[in-house]
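Hi,

Here is the structure I promised to send over. Have a look, and my notes follow below.

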Amino acid sequence: MVAFGKKLKENQIQEWQGHYINYKLMKKKVNRYAQQIEVGAQNHLYVLMDFAKLLDSQIEKIVLFLLEQQGILASRLSNLREQHDALSQQPDGLKVSEVKEAYRAVGRDLLQLLFFVEINAIGLRKILKKFDKRFGYKFTNYYVKTRANHPYSLLQQVFKHVGIGAVVGAISRNLADLQDHQGSYISIYDQPASPLTDPVIDSINAAVDRLTNSTNFLHFLGKHALIMQEELPTPSEDHAVDQRYHFMSLLLNLANTFLYMVNTYIIVPTADNYSLSLGAAATVCGVVIGAMAVAQVFSSVYFSAWSNKSYMRPLLFSSIVLLVGNVLYALAYDLDSISVLIIGRLFCGLGSARAVNRRYISDCVPLKLRMQASAGFVSASALGMACGPALACLFQTNFKIYKITFNDNTLPGWFMVLAWLVYLLWLWISFREPFHEAKENIAPLEVNAALLVNEAVENGLTQPLLLNSKAKEEDEDQECDGAEEDSNEIQKPVTSLVLAYRLLTPSVKVQLYIYFMLKYAMEVLLAGSSVITTYYFVWSTRHVAIFLACLGLTVLPVNMVVGSYISNMFEERQVLLASEIMVCIGTLLSFNAVIPYSVQQYVGSGLITFVSAEVLEGVNLSLLSRVMSSRLSRGTYNGGLLSTEAGTLARVVADGTITLAGYLGEGMVLNVTLLTSLFICVSSIIATCFTYNTLY
């Protein structure tokens, strides 16, 4: 990624050169303001008003040109309408093809206009961000709120683009009429379930989606995947990704995600019984479950680095290691060794290829399909989480074959051995290794940063969790004495986790801590369920498995409600804080205090905690991606890896807490783990509120 000023210059259409935002002028203005204030030549009020006037002027220039171009496109469509009507009287196959191609030409010009709007929107976002950082004043908040809904403001015209929607509709309707309904009395409006499939229309719709960032279930769900795309991808980059795309390989990538999550949770209902059968305490299940997460802390790093060079080889290695790990897990029963059991789970964690799964979607799935693939990744994870415990309750049997025991403790391991063996063969036969460029490709995070300004306009928000005004400028627009920076140095990927951590601003650290908190709360609930329900309610493995499966099945419906309704009704930061509070309430309700502990209390409070944590995860990752340094958007040590490590570390700490609490007695496990969870939750709420106070 290069500096935005340079990229803006490179991507300008020469004929439109004088109509783009003058980003260079505005950067010079910001530097001049800073110098004038420093020497006392100007006051802050004059600077704010003068910069607001400059922005108004730039936006007016953009909008007037946008309206002019829309008028030209409308005129061309009007002329084509006359030709189209003439064809309905005297059909001519050659003329029909010519008119269709003319409509597509209008569509391609509309794409250029959409790109014009998008690149200017990015420029507005970046200059507002630069101004806020330079002066420590939340000018973005003031500017957007005063201009977003004012009747004379032109700012909203950049993002509402009703005229563009009309042009898209006209092109789509006429192409559909020429293509599918010649000689037919059926209107396209009578067949809403059969939309037009034309490459030009698909590209236009994708561009409009990027610009509007319309919130729906698919987009909200896809955000959980932490997959980010380059700002303003060039046609050559799009073409390169199209060349790497292979549907069966994507399916295999998602299958790996699904099986890994099944492998993670299939042993949870029986982990305590398995530990008891090997002579250990039931609470050692925390170590057994957590061993996989411990190993994943390290595997995430080397798999992330490996995906710079290959996708098939790390997936093959992952499958083999997981196969070996499950064999050891299953054989531990006959070997009567708790050590072999834990080593088997460590092997399973060393086979975690989730970094590769995310990276493959980021690098090898076309932009128009990336959101669907991201949602598929999240759905595969959610289904795996639900299917794991559900499968465990089916293995209620006991028999031997050649001194090898098959029972409810070992069958989860043997089942996963078979599953990974079948997957390994399928992978070897069907996966196609995509071409790797010499440079490091973009790595996972999520959400096109170009959409930030639009969301601010739609919701009346300033940029979420803006960086502290005293923090160093890290992004591609950083300047030194007003000169253009060395973009190669600024955008060079970080080379270690320590350096990546140093790039984190206080806002990003708060977001990562929230992610740690919600993963900790979820792991305490899931991993401790078998011990707690056996102690208090004498639940069987089947009851525990059904409870965990039901929790897992809430993931997709909850995200559907939040993505389709709640996110459109409330600001994301409001949902964030409300979700944190609900996690805290769910944790408080889970304590065994005065009244006798009941199944209703445990299930109800657990459901509140789990659902609230799921909602919190979606909005937290959405906000996190927007405040992450651009240097952490690619390379091995990227923002996605940091988030994964934070979540994995939370699981390790939670599982360790369960085991340590077991030394105080099984009756203490519930309250001790909940007390720790409550402390982390309350501290995250305080950190969030403090961040709010520093921003507004």
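A word on naming before anything else: helices (H or I, at least four residues) and strands (E, at least two) are DSSP runs, numbered from the N terminus. Gln-574, for instance, is found in helix H26, residues 572-590.

This is a predicted model, so local features need pLDDT of at least 70, side-chain atom pairs count only at pLDDT 80 or more, and totals for chains, interfaces and linings use all residues. Residues are numbered from 1 along each chain as its sequence is written, and side-chain values use heavy atoms, with hydrogens and water left out.

On confidence: pLDDT is the predictor's confidence in each residue, from 0 to 100. The protein chain averages 78, and 76% of the residues score at least 70. Take care with residues 181-186, where pLDDT is below 50 and the stretch has seven contacts beyond near neighbours in sequence (contact means heavy atoms within 4.5 Å). Residues 438-490 are also below 50, with 175 such contacts in the model.

Back to Gln-574. Its relative accessible area is 41%, so it is partly exposed; the scale is buried under 20%, exposed over 50% and partly exposed in between, with a 1.4 Å probe and protein chains only. Its C-alpha atom is 9.6 Å from that of Val-619, 45 residues apart along the chain.

Now the inside. A nonpolar core here is a set of buried Ala, Val, Leu, Ile, Met, Phe, Trp, Tyr and Cys residues joined through side-chain atoms within 4.5 Å. The largest has 118 residues, and Tyr-423, Phe-431 and Phe-610 have the most contacts inside it. Helix H22 (residues 506-527) gives the most to this core, 15 residues. Apart from it lies another core, of 53 residues, including Val-47 and Leu-113.

Helix H15 (residues 338-350) is worth a look too. Its 13 residues should span 18 Å at 1.5 Å a residue, and its end C-alpha atoms are 19 Å apart, which agrees (the expected span is 1.5 Å times one less than the number of residues). Among its buried residues are Val-340, Leu-341 and Arg-345, and what covers the buried residues includes helices H11 (247-265) and H14 (312-335).

Asp-336 lies in the loop between H14 and H15 and counts as exposed at 53% relative accessibility. Val-538 also has a positive phi, near 55°, and is exposed at 68%.

Cheers
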